[in-house]
Each structure stands twice: as structure tokens, then as C-alpha cells.
Amino acid sequence: MMNEIDIKYLERCIELAKTALELGDEPFGSVLVSADGRVLMEDHNHVAGGDHTQHPEFAIARWAAEHMTPAERASATVYTSGEHCPMCAAAHGWVGLGRIVYASSTEQLTQWLSEFGAAFAGTQSAN
């Protein structure tokens, strides 16, 4: 069940997604939050340059592997604007990150992109 804190971080993810869209990228944003509520990292999509591995959740997983202990990773939460794609879900699991909270499911994504007036390029089935 989501609470007010979750909603606050999801709103930040949406802001990051809007920034990505304004920069000509696919609208995805993510935030990594420690167990004590500190924002450790945030990012948005960077796939417009042609490297389709530049998802924010993947960047968070790499950052967490380099900067956090396994226990810190397990107790952290990844907030993201869209449901993890298979690549990001695998990275999340491999580095042992904890809870995932997302604003939109894959099904909702199609509607969300439509509202932003953005065509779905198909490079990310869900983020």
C-alpha cells in the first residue's frame, strides 16, 4: 500500500520524466531512496542518443552496486515513473535492491504517453 511519502517520491519521478520528454527523450524518471528517507540518486531517461540501455532504473542499479552495501541496497526503495522493463528488473534483482514503487503500469504507459502527445517508439516496453 502506498503512503504520502511514496506519493511525494513518485511526483518527483513524474517531474524527471517530464524533463526527459522536454529534452526529446522518452518520459521516464526514477529516484533511489535510502531506508532512512534520503534521496541517494535520481535520473531520467537518456536513450535518445541511441544507447537504449540508458534507463534511469538501470543507472540506479549500477550506482547502488558501486556505492551501497548489500544491506543498504536491500532496504532501499526505487521509485519510478513506469513499471520496470525486463532489463531494469534484472539489474534491480542482480544488485539486490529492495522495494519498487511505480506510478504507471505498462498498460497505463500507453495512455500516459498519449496524454503527453508522445509517440511510443517501442524501445522500452515499460521502464
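Is Arg12 buried, exposed or partly exposed, and what is its relative accessible area? Arg12 is partly exposed, with a relative accessible area of 28%. The views below come from a predicted model.

Figure 1. H1 covers residues 4–22. Its 19 residues should span 27 Å, at 1.5 Å a residue.

**Figure 2. Asn3 and Gly24 flank helix H1.** Look at the start of the helix. A side-chain oxygen of Asn3 reaches to within 2.9 Å of the backbone nitrogen of Ile5. Now look past the other end. Gly24 follows H1. The phi of Gly24 is positive, near 90°.

**Figure 3. Tyr9 and Tyr79 form an aromatic pair.** A search of the whole structure finds 1 such pair. The ring centres of Tyr9 and Tyr79 are 5.0 Å apart, and the ring planes meet at 35°, so the pair is tilted. Tyr9 belongs to helix H1, while Tyr79 belongs to strand S3 (residues 77–82), so the pair ties together parts that are 70 residues apart in sequence. Are these two residues, Tyr9 and Tyr79, buried or exposed? Both Tyr9 and Tyr79 are buried. Two values describe any such pair: the distance of the ring centres and the angle of the planes.

Figure 4. Side chains of opposite charge can pair when their charged atoms come close. The side chains of Arg12 and Glu15 form a salt bridge, at 3.0 Å from N to O. The two residues are 3 apart in helix H1, so about one helical turn separates Arg12 from Glu15. Glu15 is partly exposed, at 42% relative accessibility.

**Figure 5. Arg12 also reaches Glu42.** The side chains of Glu42 and Arg12 meet in a salt bridge of 2.4 Å, N to O. Glu42 lies in strand S2 (residues 39–44) and Arg12 in helix H1, so this pair ties together parts that are 30 residues apart in sequence. Glu42 has a relative accessible area of 33%, so Glu42 counts as partly exposed. Which residues are linked in a network of salt bridges? They are Arg12, Glu15 and Glu42.

**Figure 6. Arg38 pairs with Asp36.** How many salt bridges does a search of the whole structure find? The search finds 4. One of them joins the side chains of Arg38 and Asp36, at 3.1 Å from N to O. Arg38 is partly exposed, with a relative accessible area of 48%. Asp36 is exposed, at 56% relative accessibility.

**Figure 7. Nonpolar residues build the largest core.** This core has 12 residues in all. Its members are Leu32, Met41, Ala59, Ile60, Ala61, Ala64, Met68, Ala76, Val78, Ala91, Val95 and Leu97. Two elements give two or more residues to this core: H2 and helix H4 (86–95). Which element gives the most to this core? H2 does, with 4 residues.

**Figure 8. Gly49 sits in a loop.** Gly49 is found between S2 and helix H2 (56–67). With 79% relative accessibility, Gly49 counts as exposed. Compare its place with that of Gly37. The two glycines, Gly49 and Gly37, are 12 residues apart in sequence. In space, their C-alpha atoms are 33 Å apart.

**Figure 9. Gly117 comes after helix H5.** H5 covers residues 106–116, and Gly117 lies in the segment after this helix. Is Gly117 buried or exposed? Gly117 counts as exposed, at 66% relative accessibility. Gly117 and Leu40 are 77 residues apart in sequence. From C-alpha to C-alpha, Gly117 and Leu40 are 31 Å apart in space.

Note on methods
Residues are numbered from 1 along each chain as its sequence is written. This is a predicted model: local features need pLDDT of at least 70, side-chain atom pairs count only at pLDDT 80 or more; totals for chains, interfaces and linings use all residues. Side-chain values use heavy atoms; hydrogens and water are left out. Rings of Phe, Tyr and Trp (its six-membered ring) pair if their centres lie within 6.5 Å; planes under 30 degrees apart count as stacked, over 60 as edge-to-face and the rest as tilted. Buried means under 20% relative accessible area, exposed over 50%, partly exposed in between (1.4 Å probe, protein chains only). The expected span of a helix is 1.5 Å times one less than its number of residues. A polar contact is a pair of N or O atoms within 3.5 Å; within protein, one must be able to donate a hydrogen and the other to accept it, and residues adjacent in sequence count only if both atoms are side-chain atoms. A nonpolar core is a set of buried Ala, Val, Leu, Ile, Met, Phe, Trp, Tyr and Cys residues joined through side-chain atoms within 4.5 Å.
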